[in-house]
Each structure stands twice: as structure tokens, then as C-alpha cells.
Amino acid sequence: MTKRPFTVQAAAALQAAEGAAAVGFGVFTGVETAAGSAVDPASAIGVTVLALAGGLGMLGCARGLLRAAQWSRAPTVLTQLFALPIAWSLWQSDRLAIAVPLGVVAVLALIAALSPPSTAWLIEDHDEDDEDAPKDPEPTAPAKTAGAPPTAEPRSLGRRLKDRLNEQPTKNGKG
């Protein structure tokens, strides 16, 4: 398996930090609601459920990034895009102690998740690069039948995307 870039590790760490904060907020709100401190218990229960579900989802995305799961980048980016207007709203309501860290984390996570090293690593097919898997010295070729088209081995989405990127012409005209 190729070495995980620092940008992926940073994006996963930032996503995990936000997820842990959301879970922590959900637990805090749930405890306060159960203790009877909530002004509107129905809303507090809804906030608790959303915070816990969102936080667990963010933690799952962070784990997916570290495991090179291609699906994990889109929800990570969406999470950060949702965090930016929340940070702005907190900024406007003079909650700078929450707004500034949230905004900084969201911007840094977006940069890390969308950086070229992250993109390249997440579209690689890491199953084929597994060093622990036993290698066949010579794969057996299927018997060819007359007139049959050659059968191509199915490629993963990541491999197809990487091949497609390699086919694109570069700015200096060399392709």
C-alpha cells in the first residue's frame, strides 16, 4: 500500500476533531435534557439526536479517509461547507471563542481534503497494492476461443479515474 499523504491524515484528524466535538455536545445536551435543565425538551432531544448522529457520521468519514475509502471525501467536504456558514453565524453573534476555531478547522480541512496529494491517493486502488497479499507468480490465462473478443479484467472506479487522469493532456502540450 502506498504511503498515506500528510494531507489525508490532516483532513481525517480535523474531521475526527469536529466529530468528537459534536458527539461531546450531543452527550452534554442529552444529559442536560435528562436532568430537566432544558427550556424546550422536545427541541433539546432533537438537537441531541442530530449532534450524536452527525458526530458519529463525521467520525466514520474520518476513518474512511484513513482507510482510503473513496466515498469518504464527499461527506467530509460537505461537512466543512456546512461548518463555514455556522462559523460565520457564530461570528456575527459574538461567539468568537467557537466561531474562530470552527472556521479555521473548516478551511484547513477543506484545503487538506481537496489537495492534489489527497485526491491522487484517494483515487488509487489500494487493494492491488497490498503487500501482504500472496502474489501469483504467473496468472493463468483463460483459453481463447476463435472469434471471441478479448476479455478485459474489470477495473475499479479508482483505477479508471487514475487512468483517465493520466490520459489528460498537460499544460505544456505533452500528454
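I take helices (H or I, at least four residues) and strands (E, at least two) as DSSP runs, numbered from the N terminus. On that basis I read the pattern α-α-α-α-α-α along the sequence. That is 6 helices and 0 strands.

Ground rules. The model is predicted, so I require pLDDT of at least 70 for local features and 80 or more for side-chain atom pairs, while totals for chains, interfaces and linings use all residues. Residues are numbered from 1 along each chain as its sequence is written, and side-chain values use heavy atoms, with hydrogens and water left out.

Whole chain. I looked up burial, where buried means under 20% relative accessible area, exposed over 50%, and partly exposed in between (1.4 Å probe, protein chains only). Of 175 residues, 28% are buried. The accessible surface (Shrake-Rupley, 1.4 Å probe) is about 12000 Å², and carbon and sulfur atoms hold 66% of that. For contacts I use heavy atoms within 4.5 Å. Of those between residues at least 6 apart in sequence, 70% join residues at least 24 apart.

Pocket. I searched a 1 Å grid over the protein atoms alone; a pocket is an open set of points where a 1.4 Å probe fits, with protein on both sides within 12 Å along at least five of seven lines, and lining residues have an atom within 4 Å of a point. Points join across faces, edges and corners, and volume is the space filled by probe spheres set on them. The largest pocket comes to about 640 Å³. I find 21 lining residues, with E18, A22, M58, I86 and L102 nearest the centre. Helices α1 (6–34), α2 (41–66), α3 (73–92) and α4 (96–114) each give at least two lining residues. The biggest contributor is α2, with 8. By class I get 16 nonpolar, 4 polar and 1 charged. Here Ala, Val, Leu, Ile, Met, Phe, Trp, Tyr, Cys and Pro are nonpolar, Asp, Glu, Lys and Arg charged, and the others, Gly among them, polar.

Core. I define a nonpolar core as buried Ala, Val, Leu, Ile, Met, Phe, Trp, Tyr and Cys residues joined through side-chain atoms within 4.5 Å. The largest has 13 residues, and A11, L65 and W121 touch the most other members. At least two residues each come from α1, α2, α4 and α5 (116–123). The largest share, 4 residues, is from α1. Beyond four places in sequence, A11 contacts L65, A109, A112 and A113.

G26. This glycine sits in α1. Is G26 buried or exposed? I find G26 buried, at 0% relative accessible area. Beyond four places in sequence, G26 touches T48, A51 and L52. From G26 to G54 I get 9.3 Å, C-alpha to C-alpha, across 28 residues of sequence.
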